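Reader: I have a structure open and would enjoy talking it through with you. Could we start with the charged residues and then turn to one of the helices?

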Amino acid sequence: MKKIALMVLLISTINFAYSQDQTLDKKYRPVVAAFINAIKSGNIEKLSSKISYPLKRAYPIPAIKNKQEFVKRYKEVFDDNLTKKIINSKLDTDWDAVGWRGIMFLNGELWLDTNGKLIAVNHQSRLEAKEQARLINAEKTSLHPSLSNFIQPVLVFETAQYRIRIDDLGNNNYRYAAWPIKSKMSDKPKLVLNNGKWTPDGSGGNHNYQFKSGDYLYTCFITVMGEKDSPPALLVISKAGTEVLSQPAKKIIL
């Protein structure tokens, strides 16, 4: 089963140097056990109170905003495969507290905060995979025709001046498209760059995308794990090694 490529959270791509045979700290066992029991009981109403909303889903599937939506969409997220894994999980080997990041299940199938609230589900059910494909195809028709040839949308964020979109064209080739902030993505982009590269920044999930155009280097830094006041993304443009522009994201859409 595929994992969700959540580019605001991106938790499923994090490579932690923790052994899965570590014992979960005793102080976290009650909250994890309570979550497992909520899944086992099938009481969706009760489980809906153990969620940190909004619960983000793979773009362009909309986030689950509240308890009512969670109850309605429960089976889209928690299919039989994930449910069985959770019910049959062992506290000592399948759950691990990863510092301030939270409590990880298996290799990031889902995450709880230290109070036992669900903060991320990176597992993707067949229902969600089908819906994601449908929405991506619909999105392609809403973009400027020159941008419709992508495999997977990766990132859309807005700075004070620009709207930036990054798409995966396949074979580790990323495309950068930029518009003035007041333009729509159905308009012709002001700038399009191909052959972009993805680079990890440390082991916390942070990463960047780099695109070259002559002497110019466009770098989009994405912060998955950072300080509370860290922007979710940062656009840095340099010319011949000298920075000429740096703008934090004011809003991250994808």
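**Salt bridges and a helix face**

Author: Happy to! Searching the whole structure gives 13 salt bridges. Please keep in mind that this is a predicted model.

Reader: Glu69 forms a salt bridge with which residue?

Author: Both partners lie in helix 3, 4 residues apart, which is about one turn of the helix. The closest N and O atoms of the pair are 3.6 Å apart. The partner of Glu69 is Arg73.

Reader: Is Arg73 buried or exposed?

Author: Buried means under 20% relative accessible area. Arg73 has a relative accessibility of 11%, so Arg73 counts as buried.

Reader: Which residues are linked with Glu69 and Arg73 in a network of salt bridges?

Author: The salt bridge between Glu69 and Arg73 belongs to a network that links four residues by name. Besides that pair, the network takes in Lys65 and Glu76.

Reader: Why can the buried residues of helix 3 be said to line one face of the helix?

Author: Helix 3 covers residues 67-77, and its buried residues are Phe70, Arg73, Tyr74 and Val77. Looking down the helix axis, these residues fall within a limited arc, so they line one face; that arc is 165 degrees.

Reader: Which exposed residues does the face turned away from the buried side carry?

Author: The buried side of helix 3 packs against several elements, including helix 1 (29-41), strand 4 (118-121) and helix 6 (126-142). The face turned away from that side carries the exposed residues Gln68 and Lys72.

Reader: Which residue caps the N-terminal end of helix 3?

Author: Look for a side-chain oxygen that lies 3.2 Å from the backbone nitrogen of Gln68. The capping residue that supplies this oxygen is Asn66.

Reader: In helix 6, how many residues apart are Glu131 and Arg134?

Author: These two form a salt bridge, with the closest N and O atoms 2.8 Å apart. Glu131 is partly exposed at 30% relative accessible area, and Arg134 is partly exposed at 48%. They are separated by about one helical turn because their spacing in helix 6 is 3 residues.

Reader: And Asp167 and Arg175: how far apart are their closest N and O atoms?

Author: Asp167 is buried, with a relative accessible area of 2%, and Arg175 counts as buried at 3%. The two form a salt bridge, and their closest N and O atoms are separated by 3.2 Å.

Technical notes. Residues are numbered from 1 along each chain as its sequence is written. This is a predicted model: local features need pLDDT of at least 70, side-chain atom pairs count only at pLDDT 80 or more; totals for chains, interfaces and linings use all residues. Side-chain values use heavy atoms; hydrogens and water are left out. Buried means under 20% relative accessible area, exposed over 50%, partly exposed in between (1.4 Å probe, protein chains only). Helices (H or I, at least four residues) and strands (E, at least two) are DSSP runs, numbered from the N terminus. The arc is that of the directions from the helix axis to the C-beta atoms. Contact means heavy atoms within 4.5 Å. A polar contact is a pair of N or O atoms within 3.5 Å; within protein, one must be able to donate a hydrogen and the other to accept it, and residues adjacent in sequence count only if both atoms are side-chain atoms. A salt bridge is a side-chain nitrogen of Lys or Arg within 4 Å of a carboxyl oxygen of Asp or Glu.
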